[in-house]
Amino acid sequence: MKKRLDKIKNRNSKIINVFFVIVFISQINLMNAQNNKDNLMPKKDKDSATEKSYFKFSNSFLTNDVYNGRQDSIVKPYLKPSIGYFNKSGFAASITGFYLTLANQNRFDSFSLDMNYSYHPTSNFTTGISANRTFYSKSSTALTSSSTGSLGANLGYDFGFIEIMAQGNVLFSEKKDFGLNIEFLHEFIIGKDGTKFAITPTFDIDLSTLNYYGEYVSRKISKGKAKSNPNTTTITSQTFVNNNHFTLLSYEASLPVSYEINHFVLFVIPTLAIPQNPIYTTTTTTTKSSSGSVTTISENSTPNSEYNLKNKIFAEIGLYYKL
């Protein structure tokens, strides 16, 4: 087991080293960047760096909630209404609701407030910061339902034939988590502003620490035992992630497609998530009955899905209007 963990650590270290080499090369190439802002501006920041400020009204349907290659024990589809403001200075703010559409669970599972600022020193290079505050329903069992928000920073460089983006973030909950997303993409556009079609082949690498996953498992176990033991007065669960370190968690391949006509944009984002490196957990649960007796049980709480990692296919389809 120790050799296997060392192997995983070495592999993650190599990925991180490659990332920093890419960043170093990007800094050198900034001196030779071309002044072609419309074609070379990173895809993710085009909205916030347009010449005019605008509002965006959006609604979309997400077929399943997948985070770092993992999902809840059941598929969770969401409707995602959203409203945002994008200023030409690079500042943007938005609020998004996540409405769960299961047959026996129809509710707003969470609301997300997001703010970010992007800056383009050249037409090829972009950097920015972001902040998120999320409010979850007490009934939510989303993988990050114990978190309250996050802070992040990103940078990216467009080499012309490929664009590379990297974002680091801190996820806040009972214990902090540190994550890194590295993204490779290239956008193909047919048409001009007003009426155009875009397709963007994208590949992501996701790494993170695993405190959020331990809190997710604890939350699930506590809820399950409360339902099966209605006579108990107190149930507390504490989960230890056996391999809690900065870990490669998933690869994702996606193909965002959009069609814009005047102020309307129709989009679909099919995604294949390939989970990596099983997450093993041990949970200690303390139960106090109505009679006052206390029982403590420690057990292997690793979900069955972690013993047999499977790829996930999901998609988001929606429409937004820019005003």
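Predicted model: local features only at pLDDT ≥ 70, side-chain atom pairs only at ≥ 80, totals over all residues.

Colleague: Fine. Is Phe161 buried or exposed, then?

Modeller: Phe161 has 65% relative accessibility, so it counts as exposed.

Colleague: And what about Phe159?

Modeller: Phe159 comes out at 26%, which makes it partly exposed.

Colleague: OK, rings in general. How many aromatic pairs are there?

Modeller: The count is 14 aromatic pairs. One of them joins Phe55 and Tyr85, in a tilted arrangement with 5.0 Å between the centres and 50° between the planes.

Colleague: Where do those two sit in the fold?

Modeller: Phe55 belongs to strand β1 (residues 54-62) and Tyr85 to strand β3 (residues 82-86), so this pair ties together parts that are 30 residues apart in sequence. Phe55 is partly exposed, at 40% relative accessible area, and Tyr85 is partly exposed too, at 26%.

Colleague: What kind of pair do Phe159 and Phe161 make?

Modeller: Phe159 and Phe161 also form a tilted pair: the centres are 6.4 Å apart and the planes are at 45°.

Colleague: Which rings link up into a cluster?

Modeller: Tyr67, Tyr212, Tyr213 and Tyr216 do, through ring pairs.

Colleague: Which lysines lie over the face of a ring?

Modeller: Lys56 lies over the face of Tyr320, 4.2 Å from the ring centre. Lys322 does that with Tyr54, at 5.3 Å from the ring centre.

Colleague: Switching to charges. How many salt bridges did you get?

Modeller: Five salt bridges. Three residues, Asp72, Lys76 and Lys220, are linked in a network.

Colleague: What are the distances in there?

Modeller: For Asp72 and Lys76, the closest N and O atoms are 3.2 Å apart. The bridge between Lys220 and Asp72 is also listed at 3.2 Å, N to O.

Colleague: What does the Lys220 bridge tie together?

Modeller: Lys220 is in helix α3 (residues 211-228) and Asp72 in the loop between β1 and β2, so the pair ties together parts that are 148 residues apart in sequence.

Colleague: What does Glu316 pair with?

Modeller: Glu316 meets Lys80 in a salt bridge at 3.3 Å, N to O. This pair links distant parts of the chain, with Glu316 in strand β19 and Lys80 in the loop between β2 and β3, 236 residues apart. Glu316 is buried at 15% relative accessibility, and Lys80 is buried at 16%.

Colleague: Last topic, the surface. Which residues make the nonpolar patch?

Modeller: The patch covers about 880 Å² and is made by Phe61, Leu79, Ile190, Phe197, Tyr259, Ile261, Phe264, Leu266, Ile317 and Leu319. The elements that give two or more residues to the patch are β15 (257-261), β16 (264-275) and β19 (312-322).

Terms used: Residues numbered from 1 in each chain as written. Heavy atoms only, no water. Patch = residues over 30% accessible without salt bridge, like charges linked within 9 Å, V, L, I, M, F, W, Y side chains within 5 Å. Areas by Shrake-Rupley, 256 points an atom, 1.4 Å probe, with all protein chains shown as cover. Salt bridge = Lys/Arg side-chain N within 4 Å of Asp/Glu carboxyl O. Helix = DSSP H or I, 4+ residues; strand = E, 2+ residues; numbered from the N terminus. Phe/Tyr/Trp six-rings, centres within 6.5 Å; stacked < 30°, edge-to-face > 60°. Buried < 20%, exposed > 50% of the residue type's maximum accessible area, 1.4 Å probe, protein only. Lys NZ or Arg CZ within 6 Å of the ring centre and 35° of its normal.
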